[in-house]
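Trainee: Could you help me learn to read a protein model, feature by feature?
Mentor: Gladly! Let us look at it together.

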Amino acid sequence: MIQMKDIVREGHPALRKKAVEVEFPLTDKTREISEELLQYLINSHDPDIADKYNLRAGIGLAAPQIDVSKRIFALHITEIEGEPLSFVAINPKIVSHSVEQTYLSSGEGCLSVDRDIKGFVPRYKRITISAYDLEGKSFKKRLKGLAAIAFQHELDHLNGVMFYDHINKNDPFQEIPNAVPFD
Ligand SMILES: O=CN(O)C[C@@H](CC1CCCC1)C(=O)N1NCCC[C@H]1C(=O)Nc1ccccn1
Ligand code: NI
C-alpha cells in the first residue's frame, strides 16, 4: 500500500517532469500502480487506517507523486453534492472548459508540499474531460466545483506543474477575473 514515505516532495525531479502516455493493455505493474493510487485516497479517509499509517487525507493523487512518470491519476471526492466521484483517469485530457474561472477560497495544498502556500489558484469553473479507464475504455465527464479544481490540480502534476506556479507573485490574493470562489 502507498504510504506517506512513498510520496515524493518538492525538489524531487519527478514533480517537474512531463509524464508519458500509457499504452494499453496495461502491464500488471501499471494496473497495480493505478489501483494503489485510488486505494491510497480511500485509505486516507478511513480514520482507522489513516491513523494507523499516518496518512494525510487526499482527494487526488497522481502517479508522478509516487515517482512514476506516467499519465495516470486518481480522484476520490465523497463530500460533494450529488454522487461521490471515485475513479482512475489514464491519459486524461481537458477537451473543453468554461471561460469562467473559480478557486478554492482557502487556497490549495499538495501532499507533495510540506508547507502552507497562501494565495488563490485560478482554475476553470467547468470542464469537460476525456480519459481511459483501467480496461482502456474511453470515457468523458463534465466536472464543476471541487471535482473540476481537483482534476486540474492532478492534470498539472502530469505536466510538471505545481499549484503555486499559478499564484500571482505580486498579489497572491488578487481578484481573479470572472471568477466565483468555491468554498
Ligand atoms: O495532487 C494531489 N494532492 O496533492 C492531494 C491534494 C489534491 C487537492 C488540492 C486542491 C485540489 C485537489 C489534496 O487532496 N489535499 N492537499 C493537501 C491538503 C489536503 C488535501 C485537500 O485539499 N483536501 C480537500 C480539499 C477540499 C475539500 C476537501 N478536501
Ligand atoms: Ni498535488
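What follows is a short talk about the sheet, the ligands and the backbone.

Mentor: This is a predicted model, where local features need pLDDT of at least 70, side-chain atom pairs count only at pLDDT 80 or more, and totals for chains, interfaces and linings use all residues. Residues are numbered from 1 along each chain as its sequence is written, chains are lettered from A and ligands numbered from 1 in the order in which they are written, and side-chain values use heavy atoms, leaving out hydrogens and water.

Trainee: In what order do the strands of the open sheet stand?
Mentor: Strands of a sheet pair through backbone hydrogen bonds, either parallel or antiparallel. Here the 5 strands follow the order β1-β2-β3-β6-β7, with antiparallel pairing. Strands (E, at least two residues) and helices (H or I, at least four) are DSSP runs numbered from the N terminus, and two strands pair if DSSP finds at least two bridges between them.

Trainee: Which strands stand at the edges?
Mentor: β1 (60-62) and β7 (138-144) do; each has a single partner strand, so one side of each lacks a neighbour in the sheet. β1 is joined to β2 (residues 72-77) by 3 bridges, and Ala62 stands opposite Phe73 in β2.

Trainee: Which residues are closest to ligand 1?
Mentor: A residue counts as near if one of its heavy atoms lies within 4 Å. Ligand 1 is surrounded by 17 residues, the closest being Ile59, Gln65, Leu111, Glu154 and His157. For polar contacts, look for pairs of N or O atoms within 3.5 Å. Oxygen atoms of ligand 1 lie 2.9 Å from a polar side-chain atom of Gln65, 2.8 Å from an N or O atom in the side chain of Glu154 and 3.0 Å from one in the side chain of His157.

Trainee: Which residues coordinate the nickel ion (ligand 2)?
Mentor: Donors are N, O and S atoms within 2.8 Å of the metal (3.2 Å for Na, K and Ca); water is not among the atoms, so sites may look incomplete. Cys110 (SG), His153 (NE2) and His157 (NE2) coordinate the nickel ion at 2.1 to 2.4 Å. Their spacing along the chain is C-x42-H-x3-H. Cys110, in the loop between β4 (101-104) and β5 (123-124), and His153, in helix α3, are 43 residues apart.

Trainee: Is the peptide bond from Phe24 to Pro25 cis or trans?
Mentor: Most residues other than glycine have a negative phi, and most peptide bonds are trans. The bond from Phe24 to Pro25 is cis, with omega near -5°. Asn54 has a positive phi, near 60°, and lies in the loop between α2 (47-53) and β1.

Terms used. A polar contact is a pair of N or O atoms within 3.5 Å; within protein, one must be able to donate a hydrogen and the other to accept it, and residues adjacent in sequence count only if both atoms are side-chain atoms.
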